[in-house]
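Here are some friendly notes to read alongside the model.

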Amino acid sequence: MGDVILTMKGIDKSFPGVHALDHVDLEVRRGEVHALMGENGAGKSTLMKVLTGIYSKDEGTITFEGKEVEFTNPREAQDAGIVIVHQELNMLGHLTVAQNIFIGREFMKGKFIDDRKMNEEARKLFDQLGIDIDPTETMSRLTVGKQQMCEIAKAISHDAKVIIFDEPSAALTEAEIEELFKIIRDLRERQLGIVYISHRMDEIKVITDRVTVMRDGGYVGTLITKDCTKEDIINMMVGRVIYEDPKTESQVAKDAPVVLKVEHLNAGRMVQDVSFELHKGEILGFSGLMGAGRTETMRALFGADPKQSGDIYINGEKVDIKTPKDAVSHGIGYLSEDRKRFGIIVDKTVAENSTMASLDEYMKGLFIDKKKEKEVAQKYVDILKTKTPGVDQLVVNLSGGNQQKVVIAKWLVRNCDILIFDEPTRGIDVGAKSEIYHLMNELVAEGKSIIMVSSEMTEILRMSDRIVIMCEGRKTGELGIEEATQERIMHAATLRN
Ligand SMILES: Nc1ncnc2c1ncn2[C@@H]1O[C@H](COP(=O)(O)OP(=O)(O)OP(=O)(O)O)[C@@H](O)[C@H]1O
Ligand SMILES: [Mg+2]
């Protein structure tokens, strides 16, 4: 670690009804990776938005390379050498990868944008970072993980001195995270100051040098990573100890009926001849690397994407699911991995989003029964401990993890018998995570059945009764929880044809 490059002191910031930052301090040195940790809504993203000029601060000082600074927009921060990789994806779907990376600073040839040059430069950048993405591809066609890698490449392509990663790994698989860590170690070597925000405790120990913890908008303290344990950090974050033991045996009754049977499902290249069964009261984990076809399988099953062939049975009866509406009418709920694209409407309120999948139940004549809507929304705000000043708050104003809780609420309100949870705890803090796990266990105890797609190995081993593993669009393994180990899952996840 070198000398101090950035100091934030006594930063204070309020939004209507929310004291988001209460005199927070942060110090970043050259050549260090500094973790910023705290529960959902603790104020991490807000602090970084104040730093990069997205929000103005109410109080406090920011010193960068020895001089007091105040940026009024992210462009100014960027020009000074501070860039941020945001928690939410900010790419423009209709543009190409290269056009997104060089947006606002396009290469020109006379009056025209020089796409060839931009593609060339983007390719160089990817080569240098060891990322395999085609710069001419349309952004919306990439997976969430790949889009995230583009965000990271874009940030690095600016000549930055401080880079902030706001939950970069939430959308990445283990292999992609390894890539990211290589990139970060290289940046550290080059004496950049790096701020790293993540809810994954294991990562913090691996990649960071120091940890600053925030709670409820306040500064709790700063620790040297190698001198503290995971439990120390969690304790500072939530003020209690949380245990995360793996499941050792299936909780499903031996004779539990099959509620969902999928036979020889085919849907494009990413879903090839996939068959599996889901039992009543079961949590069936779907594991695999990014691009294994798990989300594609769920989308085809749910009717969100067309399928070429295959049969679906619910409680032994063959059903025809062509659209998500069909799926919902058969009692299937799908909590999507990409909340911004499919899960929520950000400029609607928490209450409106909560009842979005079950509107018929909340109608009074031609109108929505607002009182009833608010009541049920409040109920799930309480159960999930969603941090919001009220159910009338617009979802766009919630922190990332709290937005995810609203998506979960939406499907709980719908009261489906079969729930597909695709990366349910992405971006959710350790405390809230264990609450969601608890809730999933309650749901199956009530007789509901859950498919859980997860890229987090610890989550798969902790929650699943049985595990299906996919690789390159095929099912390559199935393990009961009693026989499942990380090694066996990884083995099946890399079984190529
Ligand atoms: N533009 C806004 N308007 C109103 N409230 C806001 C706004 N932005 C953030 N907040 C509130 O400020 C608090 C801190 O939010 P912030 O996004 O910084 O949390 P976070 O620590 O990044 O959480 P997460 O881990 O869930 O991403 C939250 O209560 C949030 O709802
Ligand atoms: Mg955040």
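1. The lining of the second largest pocket divides into 12 nonpolar, 20 polar and eight charged residues. In this count Ala, Val, Leu, Ile, Met, Phe, Trp, Tyr, Cys and Pro are nonpolar, Asp, Glu, Lys and Arg are charged, and the others, Gly among them, are polar. The model is a predicted one, in which local features need pLDDT of at least 70 and side-chain atom pairs count only at pLDDT 80 or more, while totals for chains, interfaces and linings use all residues. Residues are numbered from 1 along each chain as its sequence is written, chains are lettered from A and ligands numbered from 1 in the order in which they are written, and side-chain values use heavy atoms, with hydrogens and water left out.

2. How many residues line this second largest pocket? There are 40, and those nearest its centre are Lys49, Val396, Asn397, Leu398 and Ser399. The volume of the second largest pocket is about 950 Å³. Strand S2 (18-29), helix H1 (44-51) and helix H14 (400-414) are the elements that give two or more residues to its lining. Helices (H or I, at least four residues) and strands (E, at least two) are DSSP runs, numbered from the N terminus.

3. Lining residues have an atom within 4 Å of a point. Grid points are joined across faces, edges and corners, and a volume is the space filled by probe spheres set on the points.

4. Now turn to the largest pocket, which holds about 1,500 Å³ of space. Its lining has 50 residues, and Leu142, Thr143, Met270, Gly291 and Glu296 are the closest to its centre. Helix H5 (144-157), helix H6 (174-189), helix H9 (294-302) and helix H11 (339-343) each give two or more residues to this lining, with the largest share, four residues, coming from H9. By class, the lining of the largest pocket has 16 nonpolar, 13 polar and 21 charged residues.

5. The chain is assigned two stretches, domain 1 (4-238) and domain 2 (258-493), with bounds that come from an automatic or database domain assignment. Each domain gives at least three residues to the lining of the largest pocket, and each also gives at least three to that of the second largest pocket.

6. How far apart are the C-alpha centres of domain 1 and domain 2? They lie 29 Å apart. The contact (heavy atoms within 4.5 Å) takes 28 residues from domain 1 and 25 residues from domain 2. Between them the domains bury about 2,100 Å², 52% of it on carbon and sulfur atoms; buried area is the accessible area (1.4 Å probe) that two parts lose on being put together, summed over both. On the domain 1 side, Asn40, Glu88 and Thr173 lose the most area to domain 2, together 27% of what that side buries.

7. There are two salt bridges between domain 1 and domain 2. A salt bridge is a side-chain nitrogen of Lys or Arg within 4 Å of a carboxyl oxygen of Asp or Glu. Aspartate 216 pairs in this way with lysine 387, their closest N and O atoms being 4.0 Å apart. The structure as a whole holds 35 salt bridges.

8. Which enclosed spaces are worth a look? The structure holds four cavities of 30 Å³ or more, and the largest cavity has about 130 Å³ of space. Of its 16 lining residues, Arg200, Thr425, Arg426, Gly427 and Glu456 are the closest to its centre. The lining of the largest cavity comprises two nonpolar, seven polar and seven charged residues, and domain 1 and domain 2 each supply at least three of its residues.

9. The second largest cavity has about 70 Å³ of space. Its lining includes Glu174, Ser287, Glu456 and Ala493. Helix H17 (486-493) and helix H16 (457-463) each supply at least two lining residues, and the largest share, three residues, comes from H17.

Definitions and conventions
On a 1 Å grid over the protein atoms alone, a cavity is a set of points where a 1.4 Å probe fits but cannot get out, and a pocket is an open set with protein on both sides within 12 Å along at least five of seven lines; lining residues have an atom within 4 Å of a point.
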